[in-house]
Amino acid sequence: YNPNQEAFDSCASTLIKQFPSHPEIFLFQASYLWGDELKMVFKKAEAAVDNAPDDWSDAQLGKLYKDISYHYYLESEFPQAFTYIEKAIARDTTHKRSLEYARILIETDRRLDALNVLRSIKDTTRITWELSNKADLYLELEDYASALALYNLIDEIDSTYNNNVKIANTLEGVGEYHSARNYLVADTSMGWNKENALKKLLLHDLKFQSGDQGLSTYNAFRDFGYYTCLLYTSDAPDKRSRVNHGGGRIL
């Protein structure tokens, strides 16, 4: 909530009326509008570029095209997002080393290119959410070693920030199954969402731990009630790996 929203709207309206075609005004509007209003701003901005291209610097054009690209990305219109991020990079190469570019490459089945983009971004920031976003993309691309290195860096900055499940998935990817299980066990000690945490631990045990360990975890999970009676998962080793409540057995 902005207590000065009325004043902001008034100032913004006056500014836009005085400088309707200035590149910085278009970029300013793109920073706070959404939906149909944002689409209209983009349409007017592109028309302004066509009418007076010399009024726009390469940096301004790069920012405009990146904003349009991100809008298409949020709308799940990935081919258009890719077209505009390429236009942004053509004007300002700094956008080639961005997480937004990597995300679009992933969504357009250019996974190796996305991995190269991530590796080109230096991890100089100490902002945990930025590091976490990059680590998550490494995890999605199955570069577990790089993801784990970033999760460890985040832990050094703020030990409360990391997501235990993501770290466990990363450790599974590098074969550190015992360490991965420790993170999943830690989540089961929480007072909220305990059932879901125990379910994730059970799926891990079915894939990576002994039958005795899997049965022990299953018995704890079964205690949550009838609706846990039958659990199928594509994450299990194969389609035969399921938990059957009625028989009290892991099949």
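I start with Arg-97, which touches Val-117, Ser-120 and Ile-121, leaving aside residues up to four places away in sequence. Keep in mind that this is a predicted model. Arg-97 sits in the loop between helix H5, residues 78–91, and helix H6, residues 99–107.

Next, a helix pair. Two packed helices are described by the angle between their axes and the distance between the axes. For helix H12, residues 194–208, and helix H13, residues 211–222, the axes come within 9 Å and cross at roughly 160 degrees. The cut-off for roughly antiparallel is over 145 degrees, and H12 and H13 are therefore roughly antiparallel to each other. Their crossing is left-handed. On the H12 side, the contact is made by Glu-195, Leu-198, Lys-199, Leu-201, Leu-202 and Asp-205. H13 contributes Gln-213, Gly-214, Thr-217, Tyr-218, Ala-220 and Phe-221. Sorted by class, that contact has 6 nonpolar, 3 polar and 3 charged residues.

Last, His-204, which is also placed in helix H12. With 2% relative accessibility, His-204 counts as buried. What does His-204 touch, not counting residues up to four places away in sequence? The list is Glu-172, Tyr-177, Ala-180, Arg-181, Leu-184 and Gln-209.

That is the end of my part.

Technical notes
Residues are numbered from 1 along each chain as its sequence is written. This is a predicted model: local features need pLDDT of at least 70, side-chain atom pairs count only at pLDDT 80 or more; totals for chains, interfaces and linings use all residues. Side-chain values use heavy atoms; hydrogens and water are left out. Axes are lines fitted to C-alpha atoms, for helices over the stretch in contact, and angles run from 0 to 180 degrees between N-to-C directions. Helices (H or I, at least four residues) and strands (E, at least two) are DSSP runs, numbered from the N terminus. Angles under 35 degrees count as roughly parallel, over 145 as roughly antiparallel, 65 to 115 as roughly perpendicular and the rest as oblique. A crossing is left-handed if the near helix is turned anticlockwise from the far one by less than a right angle, and right-handed if clockwise. Contact means heavy atoms within 4.5 Å. Ala, Val, Leu, Ile, Met, Phe, Trp, Tyr, Cys and Pro count as nonpolar, Asp, Glu, Lys and Arg as charged, and the others, Gly among them, as polar. Buried means under 20% relative accessible area, exposed over 50%, partly exposed in between (1.4 Å probe, protein chains only).
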